[in-house]
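The sequence and structure come first.

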Amino acid sequence: MSKQALIESMILDMIRHGVLKPGDQLPSVRKLAAQQKMSITPVMEAYYSLELQEMVECRVRSGYYLTDKALEYASPSMLSQRLFEKDVYPAGETKSQHSLWLKFSDAALMTTPHRYPFSTMTTPPTMFPNEALSAHISRTARLVPEGVGQFYVRHDSELLQAAIARQMFHSQCIVGRNEICIISGLMQAKILALRACTNTGDLVAMESPGNEVTIMALRFLGLRAVPVPSDPVTGMDPAALEHALEENPGVRCVALSPTNSEPCGSTMPQSAKEALVAVAQKHCIAIIEDDAMGDTCFGVSRQPALKSIAPDDVIYISGFEKTFAPGLHIAWIAGGLYSADILFYKGLSMPLVPTLIQDSVAAFLDTSAAKAQLKKVRSAYKSGVTNFYHAIGRYFPAETKTHLPSGGHFLWVQLPVAVDVERYFDLLMEQSISIAPGPVFSMGHEFTHCFRINCCSVPWNEETESVLARMGRLAQDLSVP
C-alpha cells in the first residue's frame, strides 16, 4: 500500500469508527506527516484525493474539514458488524438471535437516534430533579472540597447508607447501615450479586421473560440460565420454580423482580412471595431480588420486598435510576449472608461512586424535594402506561393482550401469534419507531410475537397516539396469514 493510500485508509477508518464526523478539522498536513514519519507530499495527495471525492473541503488559512458526505462512511455499529460477519457471538446464540440483539442494542442505547424511541430503558431527563441535585452537588463541593478528589473503596458514605436504610424500611426491610454496599449502576450490582453466590458455568434460575440486564450479566459471567415461566400479571410461580429446581439439580440461585418486574410489569402476590422464599430455602439457594422498580408503585403503600421475609437469604438490589437520578448511576446491594463476598468483589472490580456524589445524593434524600420527586415520577409513570394501555386497546388487533401494571413505565404486549415480532421490529425501524422485541428477554428465541414498550420515552400527545395507531395497523396487517 502506498503512503498516500495509507493516509486515506487511516482517515476513512477514523470516520467509520466515529472518531471524526462532518465538520471536524483534520490534522494539519505537517503535523500528520511528522506523526507518520513521512514527507508532506503523500499527506497532501491523500487530502486532495479525499477532496475530489467531496469528503473533504479545504478552507483558506484554516485547514481541511470533513463534509456531510463523510456520513456515507459512518456506521455506529461498525465493530459489532465486523464481529457478526466473523461469526463471533456468545455461546448458545444463533446467528439470527445475535443479529436481533445487535439491532435492539443499537435502538435501545440510541446509537442510531429514533424519533419514537419506545425501545429505551430510560425516560427523558426533564422528568428528574436535575437543578436540585446539581445545587446539592455544588454545595457539597464547596463545603467539602477534598471530596472532589476522593472516592470510597471499602466504606461508603455513612449518610447515604443511612438514607437508603430508611428508604428500605418502606418495603418492610430492616437492614443495618453496614450491610448496604453502594455500586455504580444496576448492571454492576447484578454482576457482583451473581458473582457472590456462583462460579463460572453454574446454573441460575431466572424468570422468563426476564430482565435483559440480568441476561447480559449472566452472559458476561459465563453462567447458564434455567428459565422459569412467569405470568405477565402475577410473576414467577413458586410451583414452577420448584419444578425447575427438581429438574435441574445444581442451581445456585434464583434471580427475579417480584415487584413491577421488567419487562412484564408483574407483581407477585404476598402469598406467592412467601411460598417462593420457602422453596428457595428448602433447596438451599440464594435469592437475588431486583427491586429497582419497587419505588415506582402507583398505590399509596409500597409493596413488601422478598428481603423483608428472609433478610439473610436475599441479596437485595435497587437504585435511583428510575426515580431520582439516572445519570448519576447509583445502585446498591444489601447482601445478607453474602455481604462480605460482595464487598470483596467490589474491591476487585472497583465499580465505585465518587464521594462527592454519594454525599450530595444523601443530602438531597433528606429534603422535601425528594418526596415531591417520588410523587411526581409515580404520577408521570402511571399516566404514561395508562394512556398507552388504552391506546393499544383501541388500535391494535383484538387478539392483542396486555395488562395495566401497578408500577413502572413499561407495557408487555402480546400480539397475535401469527405476527413475527422481528419483522414487525424491522418495519417499525424504517419509520423511525423502535420497540424492544420479545426474544431479547429470553436466553433462547422465545416470545416471538411479543414486545416491550416504554410508555414515557416521549410526551403523550396527539402525535404519539397517531404513532400507536400506525403501529396497530401494521400489527393487524402482519397478523393476516
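## A buried aspartate and its partner

D202 is buried, because its relative accessible area is 16%. The classes are set by relative accessible area with a 1.4 Å probe and protein chains only: buried means under 20%, exposed over 50%, and partly exposed in between. D202 forms a salt bridge with R252, with the closest N and O atoms 3.0 Å apart. R252 lies in strand β8 (residues 251-256) and D202 in the loop between α8 (186-197) and β5 (203-208), so the pair ties together parts that are 50 residues apart in sequence. R252 counts as partly exposed, at 35% relative accessibility.

A salt bridge here is a side-chain nitrogen of Lys or Arg within 4 Å of a carboxyl oxygen of Asp or Glu. Helices (H or I, at least four residues) and strands (E, at least two) are DSSP runs, numbered from the N terminus.

## Model and conventions

This is a predicted model: local features need pLDDT of at least 70, side-chain atom pairs count only at pLDDT 80 or more, and totals for chains, interfaces and linings use all residues. Residues are numbered from 1 along each chain as its sequence is written, and side-chain values use heavy atoms, with hydrogens and water left out.

## Other salt bridges

The salt-bridge rule gives a count of 15. One of them joins E463 and R115, at 3.0 Å from N to O. E463 lies in helix α16 (residues 462-479) and R115 in the loop between α5 (95-108) and β3 (116-117), so the pair ties together parts that are 348 residues apart in sequence. E463 is partly exposed at 35% relative accessibility. R115 is exposed at 57%.

K282 and E242 form another salt bridge, with the closest N and O atoms 3.3 Å apart. This pair links two helices: K282 lies in α11 (residues 270-282) and E242 in α10 (residues 238-247), so parts 40 residues apart in sequence are tied together. K282 is exposed at 57% relative accessibility, whereas E242 is buried at 17%. Elsewhere, salt bridges that share partners join E212, E262 and R452 into one network.

## An open sheet

Three strands form an open sheet in the order β12-β15-β14, with antiparallel pairing. Two strands pair if DSSP finds at least two bridges between them. The edge strands, β12 (410-414) and β14 (436-437), each pair on one side only.

β12 and β15 (residues 450-454) run antiparallel and are joined by 5 bridges. F410 stands opposite N454 in β15.
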